[in-house]
Amino acid sequence: MIKRTTKIAMKRAKKKKNPFKFKLGSSKKNQVHLARRHARERRFRVFGFSAIAASMIFLLVFFASIIADGYSAFTQAQLRIVVTFDQSLVEKGNYRKILQNSLKQQFPEAKGRKQRFMLYKLVSKGGVNSLRKLVDNNPQIIGETDQVWLPASSLIDMYVKGKTNNEVDESKRKIKDLQIKWLEELQANNSVRSVFNTAFFTNGDSREPEQAGILGSIMGSIFSIVVCMLISMSIGIGAAVYLEEFAPKNKLTDLIEVNINNLAAVPSIIFGLLALAIYLNFFGMPRSSSLVGGFALAMLVLPTIVIASRNALAAVPPSIRFAATALGATKVQVTLHHTIPYALPGILTGTILGVARALGETAPLLMIGMVAFVADVPTGILDPATSLPTQIYLWADSPELGFVEKTSACIIILLLILGIVNGTAAYIRKKFQYDW
Amino acid sequence: MKNKDIRMQAKGLNVSYGDKQALFDVNLEIAKNKVTALIGPSGCGKSTFLRCLNRMNDVVDSCKIDGIVQLDGFNIYKKKVDVVLLRQKIGMVFQKPNPFPKSIYENVAYGPKIHGLTNSREELDKLVKKSLNRAGLWEEVKDRLEDPGTSLSGGQQQRLCIARAIAVTPEVILMDEPCSALDPIATKIIEELIDDLKKKFTIVIITHSMQQAARVSDYTAFFHLGKIIESGETKQMFSNPRLKRTQDYIAGKFG
């Protein structure tokens, strides 16, 4: 009895024209066998192609959803308000009052504490700072009345961007009908505009979504990555060179090698706990600082760098070492003049990929407190800081609607940076790697 | 052979890698300014012997060497011998061309640089030119000294390796099948080069080609299973070998 698949294979074999004059594989058994081999090859290709297609689709959906959520965070709604810079209030420094008075003047129908409170909520709390800056830069404005563009509050910003659900009953939503009415009045006067959100790139974290920025977390990430690179590169490459070039091959080095590989598989949270126990509790280093964050990340990427560097060194053919040795170079000269320089592109690629991993790592930083609310942009490695991934973690946890788009925007920035870093690694590998 | 004509000499040399003995009581004299060919089937210990001559076996951890190897009457396995200096005096060329992935100039200049053989850039330039000239490569590469050594053809690479070896002014050059990765034309050039080089250097060459041994060498040693079966003048050995086994190998009956 012939199997069904065999029958199909035979059919296909008949369909195929034989381009050769002579009869190739003339026996039936040969033909069937050949047809099945071709069918297997086709199946294998289809399988591989669909795997690639599936992963591309996942990636596309992922990027599309993040960009769709996040792109709006790069713009910010502004309101044009007629502000009277009252001299006595400026002298007292009470810019809040100036703003409130101006709003009251523009919308006199707001009666009672509750309605006025709603009115004040149109403009961001950061608007007060904008007014102060305006006066500082331009003192002759004192006593005058002028039209000023002020950042809208997150509430209004979300409404303008169409992110709020306005269908539900007024009591169930944050933005009230009265506020919508005022906003529409402003819109009718061309007093609402959308501008590039510079605050997102120049501010630290904030409780107010419209004022929250990523500069603090970017600086925190940079500081901790620099610390991490200094430590992990020097120790990692040193260890790799010793293990690969100098260490005697015995049980002890085997044990070390196995343990380095094990270390690479340790969950990152464990390194966080270790950093907490050693650096914070034992050595008493400053909590939440990029210094400790860098230490924790260095422990994490160290095994990766050691393994990558060892592979790069091992890829330098022994014949090159022999050539230098036979010329009378000492072991150290062989290593410093030849092995390391030729392995350097590979070492750097591995190191950069390790650092890229550290850049996206969250868990160890959670344990050492780099997940705190830090409003000030850190200026040194000892300042409290967050990093980009922990900032994402923090914002994703915030209940305010305004943080949803900030979270996605922060993810976009992180992915961009990671893309650049990985691209650099790929470039170095392609450009400088030796082909032996 | 008269004593003054002997550059290197191995006496009672036993070598083993771990438990496996590779050389058994090898005795061989290597004549000054002559080419000595080592022939024999694969795994017979001729590479091991060659590596004993410039102590390249020191790199192998499991290698144990017992016996005496003399250079100009001085045992190179004595404790106080500096291998760095020894390897400057005894250069080596490998089976596969292995230029450094640096410029042609740097390839040749590297040895003199680490040994501090020259005092100025001009002297170094001269030495590089002289070495490349002697290796018959100067005319081909003089306009592209900054190109990577790996960009040359296989035969040119091997001549670059020879130039690199002679740049440190050695007394002996060891060659481990230098032509096995090359085509016949490149092989011919290298063979002519060897003929020329023996005026200044003592050469020990491993080869699997009987014809090559007959063409280039003055003396031949036939290795088999870790022992020297027969050694002597090439002419005599190829025309009238003393032992049946040597004759069979040379005639290609085994190997």
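Two strands are said to pair if DSSP finds at least two bridges between them, and this is the sense in which pairing is meant in the legends below, all of which show a predicted model.

**View 1. The hairpin of β1(B) and β2(B).** Antiparallel pairing over eight bridges links β1(B) with β2(B), and one of the residues concerned is Ile6(B), whose bridge partner in β2(B) is Ala31(B). These strands also form a hairpin with two residues between them, in whose turn Gly18(B) has a positive phi of about 60°.

View 2. Strands of a sheet pair through backbone hydrogen bonds, either parallel or antiparallel. In chain B, four strands make up an open sheet in the order β2-β1-β4-β5, and the pairing is antiparallel. At the edges are β2 (20-31) and β5 (74-75) of chain B, each of which pairs on one side only. Further inside this order, β1(B) and β4(B) are paired in the antiparallel sense over eight bridges, and Asn14(B) has Asp66(B) of β4(B) as its bridge partner. Helix α1 of chain B, residues 46-53, lies across β1 (6-17), β2 and β4 of that chain and runs at about 120° to β1(B).

View 3. Strand β1 of chain A, residues 75-84, pairs with β2(A) in the antiparallel sense over seven bridges, and here Arg80(A) stands opposite Trp149(A) in β2(A).

**View 4. The packing of α10(A) against α17(A).** Two packed helices are described by the angle between their axes and the distance between the axes. For helix α10 (residues 215-246) and helix α17 (residues 388-396) of chain A, the angle is about 145° and the axes are 8 Å apart. On the side of α10(A), Ser217(A), Ile218(A) and Ser221(A) take part, and they meet Leu388(A), Pro389(A) and Gln391(A) in α17(A). Sorted by class, this contact of α10(A) with α17(A) has three nonpolar and three polar residues, and no charged residues.

**View 5. The two domains of chain A.** Chain A is divided into domain 1, made up of 71-111, 124-133 and 147-197, and domain 2, which covers 215-432. Although the C-alpha centres of domain 1 and domain 2 of chain A lie 45 Å apart, the domains are in contact, with eleven residues coming from domain 1 of chain A and seven residues from domain 2 of chain A.

**View 6. The largest pocket and the residues that line it.** Rolling a probe the size of a water molecule over the atoms shows where empty space is left. The largest pocket holds about 910 Å³ of space. It is lined by 31 residues, of which Lys121(A), Ser153(A), Ser154(A), Leu155(A) and Glu208(A) are the closest to its centre. The elements that give two or more residues to this lining are α4 (95-106), α5 (112-120) and α7 (154-160) of chain A, and of these α5(A) gives the most, with four residues. Each of domain 1 and domain 2 of chain A supplies at least three residues of the lining of the largest pocket. By class, the lining consists of twelve nonpolar, eight polar and eleven charged residues.

Definitions and conventions:
Residues numbered from 1 in each chain as written. Chains lettered and ligands numbered in written order. Predicted model: local features only at pLDDT ≥ 70, side-chain atom pairs only at ≥ 80, totals over all residues. Heavy atoms only, no water. Contact = heavy atoms within 4.5 Å. Axes fitted to C-alpha atoms, helices over the stretch in contact; angles between N-to-C directions. 1 Å grid on protein atoms, 1.4 Å probe; cavity = no way out; pocket = protein on both sides within 12 Å on 5 of 7 lines; lining within 4 Å. Points joined across faces, edges and corners; volume = space filled by probe spheres on them. Nonpolar A, V, L, I, M, F, W, Y, C, P; charged D, E, K, R; others polar. Domains from an automatic or database assignment.
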